[in-house]
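Morning, everyone. Please have the sequence and the model open on your screens. I'll start with a question.

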Amino acid sequence: MSETNWDVIEEVGGEACMEKLMREFYDRLFDDVFVGFFFRNSDKEHLIRSQIAYVHANLGSRRGTYEGPSIRKAHEDLPILAGHFDRRHTILTQVLDDFDVPEHVQKAWLSLDRAMRPMVLKQGKQAREG
Ligand code: HEM
């Protein structure tokens, strides 16, 4: 498969593999001691679907559509600090590795994820006031 013409769902091995990967990611997040509490009232099935649509719409040359809220909007009520962000990013890195996602896809995926950092973090006055 060409590294410049790709579809993230195909790259991870098709729809069923993508769903398995994302389910593993959210299973780990929901059960995690540092960030699990954020997901106490969340609908895991919805998050799996939404996150697949999000990455498919933002990675690769052949893309799908994401119709959910902006990343800033989706997280604006959550008191997410740097350590929480980094923890989620580490879990994502481990899941992509465990599922043998090709190197060029991992690279693009993790850099998209890091680029979202300012959209999800509470910073300055906003962080102090919760
Ligand atoms: C860095 C990149 C991130 C991306 C791309 C991302 C993406 C998303 C997406 C697509 C949704 C679903 C929006 C919807 O359809 O309603 C969502 C929701 C959520 N995210 Fe993130 N997220 C990121 C970081 C984080 C972090 C660091 C945390 C916490 C540690 C977090 C916690 C949550 C929670 C709890 C929800 C669900 C809110 C609800 O149930 O209404 N996210 N995120």
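Is D100 buried or exposed? D100 is exposed, because its relative accessibility is 65%. The cut-offs are these: buried means under 20% relative accessible area, exposed means over 50%, and partly exposed is in between, with a 1.4 Å probe and protein chains only.

Before I go on, some ground rules. This is a predicted model, where local features need pLDDT of at least 70, side-chain atom pairs count only at pLDDT 80 or more, and totals for chains, interfaces and linings use all residues. Residues are numbered from 1 along each chain as its sequence is written, and side-chain values use heavy atoms, with hydrogens and water left out.

Back to D100. Find D100 in the loop between α5 and α6. Helices here are DSSP runs of H or I with at least four residues, strands are runs of E with at least two, and numbering goes from the N terminus. The phi of D100 is near 50°, which is positive, and D100 is not a glycine. Most residues other than glycine have a negative phi.

F99 is in that loop between α5 and α6 too. F99 counts as partly exposed because its relative accessible area is 26%. From F99 to L78 is 21 residues in sequence and 29 Å in space, C-alpha to C-alpha.

Now the ligand. Where does the ligand sit? In the largest pocket. On a 1 Å grid over the protein atoms alone, a pocket is an open set of points with protein on both sides within 12 Å along at least five of seven lines. A molecule sits in a pocket if more than half of its atoms lie within 2 Å of the grid points.

H46 has a polar side-chain atom 2.9 Å from a ligand oxygen. For S50, a side-chain N or O atom is 2.7 Å from an oxygen of the ligand. For H75, a side-chain N or O atom is 2.8 Å from a ligand nitrogen.

Next, the core. A nonpolar core is a set of buried Ala, Val, Leu, Ile, Met, Phe, Trp, Tyr and Cys residues joined through side-chain atoms within 4.5 Å. The largest one has 34 residues, and V8, M18, M22 and W109 touch the most other members. α1 (8–12), α2 (15–31), α3, α5 and α6 (103–115) each supply at least two residues of this core. The largest share, 7 residues, comes from α2. In soluble globular proteins, nonpolar side chains tend to be buried together.

I71 lies in α4, and I71 is buried because its relative accessibility is 15%. H56 is in α3, and H56 is buried because its relative accessible area is 16%.

Technical notes
A polar contact is a pair of N or O atoms within 3.5 Å; within protein, one must be able to donate a hydrogen and the other to accept it, and residues adjacent in sequence count only if both atoms are side-chain atoms. On a 1 Å grid over the protein atoms alone, a cavity is a set of points where a 1.4 Å probe fits but cannot get out, and a pocket is an open set with protein on both sides within 12 Å along at least five of seven lines; lining residues have an atom within 4 Å of a point.
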